[in-house]
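Morning, everyone. I have one structure to walk through today. Please bring it up on the screen.

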Amino acid sequence: MPGRSADEWIRLSLRTPGILIFGMVLAPCGWILDLTATVAPNWRTIHNIPNTPSDQFIQQGIWDICRATSTSSRDECNLEDTTYFSNQIIRVAQGLMVASLIVTLLGLAVAIPGVRCWKDRPNWTVAGLGGLLIFLSGVMTIIPIAWYTHIHREISSVSPLADVEVGYSIVLGYIGGIFEVLGGFVMFIGICRCCGGKNRGERRVEEVMGTRFSHQKPPPRRVEVPNLNRSRSSASSSVPYSKDSMDEDVSFPRAKSPARSVNTSYSGRPYDADL
């Protein structure tokens, strides 16, 4: 990113970035599908061939031609058809499909050292170049597949009256090419620090520091707790309080006890027991 130095960015995690994992998973899957589409003899299927049984059909690929029936699982391959193999699209498809397989392997060989599997940080330049090669290999797959699909009815066949349909190799080639294009493109955008560095799992240092300080918890508030310890009297007494202190602490008046009266009206003679 212009005007920004590499020291101003920081990775929040040492895990392998998701864009590199995405590309390293899709690329091998696309390579397997492209390999199947290349060697499988089913780029198109020809039905209802004149002077042949109704259940018989022919499968044509870019390397081989097979004859099969719907009632039998045995196919007769290695059929000769000079007219079919002399078409320009067949020669172009053979070259581009093989080149696509080779370029995909080269892209994976270049991208693997750049992906952070045993290092602290990935080498974005090396991984991006590997993604570029994988992207180009996907393009080289889609070009012959799309061209063949567009003119599959115009390619010279055994009979112009036969019914021609697209085979499963075309579908596998499309899926494999799209996988390689997506995986390579996602890995390639790791070279540039776009989307604020989020595509590489990075953030600016000032953003990280600002977020860290903004989410810092304030110090706990100090709560004053009243002291429950009562001050004792300086006298060395084992009684925690006295009667006088109890009288002082009472906040309401006490009832006065009545005075003792003396009976003075007694006039009898005292006895010895009374003395």
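Which elements of the protein have the lowest and the highest mean pLDDT? Helix 7, residues 243-249, has the lowest, at 52. Helix 5, residues 168-188, has the highest, at 93. pLDDT is the predictor's confidence in each residue, on a scale from 0 to 100. The protein as a whole has a mean of 75, and 61% of its residues reach 70 or more.

So, ground rules. This is a predicted model, where local features need pLDDT of at least 70, side-chain atom pairs count only at pLDDT 80 or more, and totals for chains, interfaces and linings use all residues. Residues are numbered from 1 along each chain as its sequence is written, and side-chain values use heavy atoms, with hydrogens and water left out.

Overall layout next. The protein has 7 helices and 6 strands. Both come from DSSP runs numbered from the N terminus: H or I over at least four residues for helices, E over at least two for strands. The order from the N terminus is β-α-β-β-β-α-α-α-β-α-β-α-α. Of the 275 residues, 33% count as buried. Buried is under 20% relative accessible area, exposed is over 50%, and partly exposed is in between, with a 1.4 Å probe and protein chains only. Now contacts, meaning heavy atoms within 4.5 Å. Among those with a separation of 6 or more, 69% come from residues 24 or more positions apart.

On to the cores. A nonpolar core is a set of buried Ala, Val, Leu, Ile, Met, Phe, Trp, Tyr and Cys residues joined through side-chain atoms within 4.5 Å. The largest one has 19 residues. Those with the most contacts inside it are Trp 43, Ile 46, Tyr 84, Ile 89, Tyr 148 and Ile 155. Helix 3 and helix 4 are the elements that give two or more residues to this core. Helix 3 gives the most, with 4 residues. A second, separate core has 11 residues, including Ile 19, Val 115, Trp 124 and Ala 127.

Aromatics. How many aromatic pairs does the count come to? It comes to 2. The rule takes rings of Phe, Tyr and Trp, using the six-membered ring of Trp, with centres within 6.5 Å; planes under 30 degrees apart are stacked, over 60 edge-to-face, and the rest tilted. Trp 43 and Tyr 148 make an edge-to-face pair, 5.1 Å centre to centre with 75° between the planes. Trp 43 is in the loop between helix 1 (18-39) and strand 2 (44-47), while Tyr 148 is in helix 4 (residues 124-151), so this pair ties together parts 105 residues apart in sequence. Both Trp 43 and Tyr 148 are buried. Tyr 84 and Phe 85 are also edge-to-face, at 5.3 Å centre to centre and 75° between the planes.

Stay with those two. Is Tyr 84 buried or exposed? Tyr 84 is buried, because its relative accessibility is 0%. Phe 85 is partly exposed at 25%. Beyond four places in sequence, Tyr 84 touches several residues, among them Arg 44, Gln 60, Tyr 148 and Ile 155.

Now Asn 87. Asn 87 sits in the loop between helix 2 (82-85) and helix 3. Asn 87 is buried, at 18% relative accessibility. A polar atom of its side chain lies 3.0 Å from the backbone oxygen of Thr 83. Leaving out residues up to four places away in sequence, Asn 87 touches Ile 155 and Ser 156.

Into helix 3. Gln 94 is there, and Gln 94 is buried at 19%. Past four places in sequence, Gln 94 contacts Ile 62, Trp 63 and Phe 85. Val 98 is in helix 3 too, residues 88-114, but partly exposed at 33%. The C-alpha atoms of Val 98 and Met 140 are 9.3 Å apart, across 42 residues of sequence.

Last, the cysteines. The structure holds 1 disulfide, a term for two cysteine sulfur atoms within 2.5 Å. Cys 66 is joined to Cys 77, S to S 2.1 Å. The S-S torsion is about 105°, so this disulfide is right-handed. Cys 66 is in strand 4 (residues 65-69) and Cys 77 in the loop between strand 4 and helix 2, so parts 11 residues apart in sequence are tied together. Cys 66 is buried at 2%, whereas Cys 77 is partly exposed at 33%.

Terms used. Polar contact = N/O pair within 3.5 Å; in protein donor to acceptor, adjacent residues only side chain to side chain.
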